[in-house]
Amino acid sequence: MFGPSILAAPVVHAGVKLQSVYLPRLPGQGQWVDLSSDLSYDTSDGRFRIASSPLLDGGQSVEVRADLATVPCFVKAGSII
């Protein structure tokens, strides 16, 4: 965790393609946004945008695409970063 709102789950073994990540259920907010797959750069206006993917509920493990070049990163829904 980086502060109260960001969770990173870096891959530390070569050859890994999927990683299981536990998303904690935090007080007052139980949902997460997967930045490693939902964040994109809009070249038309230079902004980053979050896709309209469903929010992930905390209190569970999720399988995410991961390799040494991709750091699974989640942000607590509603956070300002």
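This is a predicted model: local features need pLDDT of at least 70, side-chain atom pairs count only at pLDDT 80 or more; totals for chains, interfaces and linings use all residues.
**View 1. The largest nonpolar core.** Let's start on the inside. Nine residues make up the largest nonpolar core: Leu7, Ala9, Val21, Leu23, Leu26, Trp32, Val62, Val64 and Phe74. Two strands, E2 (18-23) and E7 (60-65), are the elements that each give two or more residues to this core. In soluble globular proteins, nonpolar side chains tend to be buried together.

View 2. Leu39, Tyr41, Phe48 and Ile50 make a nonpolar surface patch of about 440 Å². Strand E4 (39-42) and strand E5 (47-50) are the elements that supply two or more residues to the patch. Take Phe48, one of the patch residues, which sits in strand E5. Its relative accessible area is 60%, and exposed means over 50%, so Phe48 counts as exposed.

**View 3. The hairpin of E4 and E5.** Stay with these two strands and look at how they line up. E4 and E5 pair in the antiparallel sense, over four bridges. Asp42 stands opposite Arg47, which belongs to E5. Four residues lie between the strands of this hairpin, and Gly46 takes a positive phi near 75°.

View 4. Last stop: the segment after strand E8 (73-76), where you'll find Gly78. Buried or exposed, what is Gly78? Gly78 is exposed, because its relative accessibility is 77% and the cut-off is over 50%. Check out Gln31 too: Gly78 and Gln31 are 47 residues apart along the chain, yet their C-alpha atoms are separated by 8.8 Å.

Definitions and conventions
Residues are numbered from 1 along each chain as its sequence is written. Side-chain values use heavy atoms; hydrogens and water are left out. A nonpolar core is a set of buried Ala, Val, Leu, Ile, Met, Phe, Trp, Tyr and Cys residues joined through side-chain atoms within 4.5 Å. Buried means under 20% relative accessible area, exposed over 50%, partly exposed in between (1.4 Å probe, protein chains only). Patches are made of residues with over 30% relative accessible area and no salt bridge: like charges are joined within 9 Å, nonpolar side chains (Val, Leu, Ile, Met, Phe, Trp, Tyr) within 5 Å. Accessible areas come from the Shrake-Rupley method with a 1.4 Å probe; for residues, only the protein chains shown count as cover. A salt bridge is a side-chain nitrogen of Lys or Arg within 4 Å of a carboxyl oxygen of Asp or Glu. Two strands pair if DSSP finds at least two bridges between them.
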